[in-house]
There are 2 protein chains.
Amino acid sequence: MNRERLAKLNVKARVLKAMAHPSRLCIVEELAKRERCVCELTEMIGADMSTVSKHLTVLKHAGIVADEKRGAMVFYRLRVPCLGKLFESVDSVLECSARELAEASK
Amino acid sequence: MNRERLAKLNVKARVLKAMAHPSRLCIVEELAKRERCVCELTEMIGADMSTVSKHLTVLKHAGIVADEKRGAMVFYRLRVPCLGKLFESVDSVLECSARELAEASK
DNA sequence: ACAACACTTGGCGAATATGCCAAGTTACCA
DNA sequence: TGGTAACTTGGCATATTCGCCAAGTGTTGT
């Protein structure tokens, strides 16, 4: 495996990994609807605010979200508008997978 | 957050997590082209065969790949045909992200 | 029967991830 | 100025992941 390909794989894996956590996925899904402050996300997830803040840091580091401070609050939004397609893809993978499993169990 | 949504998030996160590793992503990309035996994948990745075998177990457990033994060899293939779209999605996320970063650094 | 090949599994140490608490910063308001 | 709310960061304990080696299973070829 050449270096270039490995580098690309690493970057892609990092993006996937950043979303590969229930809370972070939830955050991303919410941000796909509209921007949110940490407070709102914290209440939604039901964890400690510090925990949510760290999840947001992970997403930010992966280039998925951006933050903007307005007054005392920090608003997060998706940096990328095309995440909807990714969700659809994951969904269709799940559907295919479920269908295959159903076939297999017949 | 209600239980049903949490359950869905967990399932989706599990699929993403299974692919969120450079070696596993590489495996999935290869299998998207054609089926492969463990041996071929091992050579491609350049790790111990036991390591590759465990990666394959992870993918199998997530419902992403299926295995079939033929003689002494075990062939793996994608269980789902629609993974190509997911790759495209990840790619476009990366492109958007790169473009945004370029804009931001102007 | 024996050796070689293709895997899988168990196990171990090292590295990473996760989530809470505590402490610090910054903004707002009385 | 003092208090409170909104965050972030550090640190710690616990849990999970990763990759190798060693050992075991099943298959092929001699």
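Reply: In chain B, three strands make up an open sheet in the order E1-E3-E2, and their pairing is antiparallel. Strand E1 (36-37) and strand E2 (65-70) of chain B are the edge strands; each has a single partner strand, so one side of each is without a neighbour in the sheet. Strands (E, at least two residues) and helices (H or I, at least four) are DSSP runs numbered from the N terminus, and two strands count as paired if DSSP finds at least two bridges between them. E1(B) and E3(B) are joined in the antiparallel sense by two bridges, and B:Cys37 has B:Phe75 in E3(B) as its bridge partner.

This is a predicted model: local features need pLDDT of at least 70 and side-chain atom pairs count only at pLDDT 80 or more, while totals for chains, interfaces and linings use all residues. Residues are numbered from 1 along each chain as its sequence is written, and chains are lettered from A and ligands numbered from 1 in the order in which they are written.

Chain A also has an open sheet of three strands, in the order E1-E3-E2 and with antiparallel pairing. Its edge strands are E1 (36-37) and E2 (65-70) of chain A, each of which pairs on one side only. Two bridges link E1(A) and E3(A) in the antiparallel sense; here A:Arg36 is the bridge partner of A:Tyr76 in E3(A). On the other pairing, E2(A) and E3(A) are antiparallel over six bridges, and A:Ala66 stands opposite A:Arg77 in E3(A). E2(A) and E3(A) form a hairpin with two residues between them, and in the turn A:Gly71 has a positive phi of about 70°.

Helix H2 (residues 22-33) of chain A lies across E1, E2 and E3 of chain A and runs at about 85° to E3(A). Such angles run from 0 to 180 degrees between N-to-C directions, the axes being lines fitted to C-alpha atoms, for helices over the stretch in contact.

Two or more residues of the surface near DNA strand C come from each of H4 of chain A and, in chain B, helix H3 (38-45), H4 and strand E3 (73-78). A residue is near a molecule or strand if its C-beta atom, placed from the backbone, lies within 6 Å of it. H4(B) gives the most to this surface, with six residues.

Around DNA strand D there are also 21 residues, the closest being A:Val38, A:Cys39, A:Ser50, A:Ser53 and A:Met73. H4(A) gives the most to the surface near DNA strand D, with six residues. This surface divides into 10 nonpolar, eight polar and three charged residues, where Ala, Val, Leu, Ile, Met, Phe, Trp, Tyr, Cys and Pro count as nonpolar, Asp, Glu, Lys and Arg as charged, and the others, Gly among them, as polar. A:Ser50 lies in helix H4 of chain A. A:Ser50 has 9 C-beta neighbours inside 10 Å and therefore counts as exposed; the cut-off for exposed is 12 or fewer other C-beta atoms within 10 Å, for buried 20 or more, and partly exposed lies in between, with C-beta atoms placed from the backbone.

That leaves the two chains themselves. Contacts (C-beta atoms, placed from the backbone, within 7 Å) join 36 residues of chain A to 36 residues of chain B. On the side of chain A that touches chain B, H5(A) gives the most, with 12 residues. By class, that side has 24 nonpolar, seven polar and five charged residues. A:Lys85 is in helix H5 of chain A. Leaving out residues up to four places away in sequence, A:Lys85 touches B:Ser89 and B:Ser92.

The largest nonpolar core has 50 residues, and those with the most contacts inside it are A:Leu16, A:Val28, A:Ile64, B:Leu16, B:Val28 and B:Ile64. Such a core is a set of buried Ala, Val, Leu, Ile, Met, Phe, Trp, Tyr and Cys residues joined through C-beta atoms within 7 Å. Apart from its neighbours within four places in sequence, B:Leu16 is in contact with A:Leu16, A:Met19, A:Ala20 and A:Val90.

Terms used
Contact = placed C-beta atoms within 7 Å.
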